[in-house]
Structure formats: C-alpha cells, structure tokens
Amino acid sequence: MSSHDQAAYELIRSRRRTLALVVNADGRLQVRAPLRLPAAVIDRFVEEKAAWIAARRTEMAEREENRDTFVLRPGSAIPCRGREIRLASGGAERFEENTLTLPDTVWRQGESAVRAALAGWYRRRAERELPAVVERYAALTGWRPTGIRITGARTRWGSCSGRNSVNFSWRLLMAPEEAVEYVVVHELAHTVEHNHSPRFWSLVEGVLPDWKGRRQRLRELERRLAEENW
C-alpha cells in the first residue's frame, strides 16, 4: 500500500506498458503499473486522478446501496434483448406478451430460487437464439467457429478458445440486440485474430462500423446488472 493514507492504494506491477487505476466494489484502489516505473511517478499519477477516484468511489458506494435494496418480486422488470420483461406469479412457468410467470412455489422459496429459475429461463433462450445470430454473422464473414457453448460466466460476455470454439454467457440475453451482435462479431473475429491488435479491431469495424456505440450499450447494461446483483 502507498504510504499516503489519503490516496492509499494496492500496487500491482507487471509487464504492462501503461498505468491503470481500478476502484473495487468496496472502494479500494488498485494501481496497475509497469515493472520499473518509479514510485514517485505512480504517486503523482494517483494525485492527478484524485477527482476521478472520488467520483468512482461515490459511484461504487451508490451501486452497493442499490444492490442491497433491489429485490425481485412479481411486477419487477428484467431485460431481454432490448425489451423489459415483467415478472408475475402463477401456477406454472410461461412467457407471453412480455410477461414471464414463475410458479408460486418458486416465489415462496425466496429470491435465490427466483434467480435460479430466471437463470434457467435465460440459458434456455440463449441456447435457442444465440446460434442463429452466430450463423448469420458467420455466413456474412466466413468466420466459422468450431462450436458454440452457453456458460454461466459473470465477468465475460463471451470468449473464444484456442480451438476457435465460442462461448457466451446466458446473461448476454439481457443485452439489447445491437450489443448482442457486437459480442458475437467480437468473438467470431477472435477465430481469425486471437488478440486485440489493430488488425483485430479492423476486422470488427469492417463488419460493425458502429461497434463503439454498441460496446457502450453493453457497458451501460453492466452497470445495471451490477446494481441488481446479476
């Protein structure tokens, strides 16, 4: 930790070339720095970013407060491919007219059971719907994955294995359509370029010239999901 209490931080050095700041959910500050960068340079960088750090800590505190108060109940709304789905209670699970009904027995078991039921619903939809999006862009680009898998990943929307199999979190079904397409194209581009080099981003931009705006929609959703503890 830095010796300055006001700007205390955890220092993580690696072979990276640039400085980066990360404010964790509990407000702790991490500084990621090149191996041999002088401590004085790091301290000065932290001091220069004081306003940004304070704003991020405020944002994280508000997010934690919202997370503590958010409760799923009949009438709550959950996102699904650009729509808001209303939750209801009934005799059996069914989905119609933008309303998802979960059995009364699930609601009586508490929020963890409700979340588990919703995770299953999203996963089943993802298994049915995402392969069609992948096929559409695979046909357009010629970038064909060796397989498609739906996962429960919390921190990654998608990934591509060294063998060019693509994986998508079921949480991607919560994203608006343009963001879903961005993640699909992003992972398909990794079957050609297994890094985030300029060539990789050129491939993505060649398919989705507005990819930055699509990625921003995804980041907006990330903030919501963090507040709702997904």
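Which residues point one way from strand 10 and which the other way, and are they buried or exposed? In this predicted model, Ser165, Asn167 and Ser169 point one way from strand 10, Val166 and Phe168 point the other way, and all are buried, where buried denotes under 20% relative accessible area, exposed over 50% and partly exposed the range in between (1.4 Å probe, protein chains only). Because five of the five residues of strand 10 are buried, this strand is largely enclosed by the rest of the structure. Helices (H or I, at least four residues) and strands (E, at least two) are DSSP runs, numbered from the N terminus.

The model is predicted, and local features need pLDDT of at least 70, side-chain atom pairs count only at pLDDT 80 or more, and totals for chains, interfaces and linings use all residues. Residues are numbered from 1 along each chain as its sequence is written, and side-chain values use heavy atoms, with hydrogens and water left out.

Strand 10 (165-169) belongs to an open sheet of three strands, which has the order 8-10-9 and mixed pairing; two strands are taken to pair if DSSP finds at least two bridges between them. Strand 8 (147-151) and strand 9 stand at the edges of the sheet, each with a single partner strand, so one side of each is left without a neighbour in the sheet. Direction ignored, neighbouring strands of this sheet are turned by 20° against each other on average. Strand 8 and strand 10 run parallel and are joined by five bridges, and the bridge partner of Thr151 in strand 10 is Ser169. Strand 9 and strand 10, by contrast, run antiparallel and are joined by three bridges, with Val166 of strand 10 as the bridge partner of Cys160.

Helix 4 lies across strand 8 and strand 10 and runs at about 150° to strand 8, whereas helix 5 lies across strand 9 and strand 10 and runs at about 15° to strand 9; axes are lines fitted to C-alpha atoms, for helices over the stretch in contact, and angles run from 0 to 180 degrees between N-to-C directions. Helix 5 (residues 177-190) has 14 residues and reaches 20 Å from its first C-alpha to its last, close to the 20 Å expected at 1.5 Å a residue, the expected span being 1.5 Å times one less than the number of residues. Since 12 of the 14 residues of helix 5 are buried, this helix is largely enclosed by the rest of the structure; among the buried residues are Tyr182, His186, Glu187 and His190. The buried residues of helix 5 pack against helix 4 (111-141), strand 9 (158-160), strand 10, helix 6 (198-207) and helix 7 (211-227), with contact meaning heavy atoms within 4.5 Å.

Of the 49 residues in the largest nonpolar core, Ile78, Leu118 and Phe168 touch the most other members; such a core is a set of buried Ala, Val, Leu, Ile, Met, Phe, Trp, Tyr and Cys residues joined through side-chain atoms within 4.5 Å. The largest share of this core, 12 residues, comes from helix 4. Leu118 touches Leu72, Ile78, Leu87, Leu100, Leu102 and Trp230, not counting residues up to four places away in sequence. Apart from this core lies another, of 11 residues, among them Leu29, Val31, Ile42 and Phe45.

A search of the whole structure finds 18 salt bridges, each defined by a side-chain nitrogen of Lys or Arg within 4 Å of a carboxyl oxygen of Asp or Glu. In one of these, the closest N and O atoms of Arg124 and Glu93 are 2.8 Å apart, and the pair links distant parts of the chain, with Arg124 in helix 4 and Glu93 in the loop between strand 5 (83-90) and strand 6 (94-96), 31 residues apart. Arg124 is partly exposed at 38% relative accessibility, and Glu93 is partly exposed at 37%. Arg144 forms a salt bridge with Glu135, at 2.9 Å between the closest N and O atoms; Arg144 is partly exposed at 47% and Glu135 is partly exposed at 40%. The side chains of Arg224 and Glu228 also meet in a salt bridge (3.0 Å, N to O), in which Arg224 is partly exposed at 23% relative accessibility, whereas Glu228 is buried at 10%.
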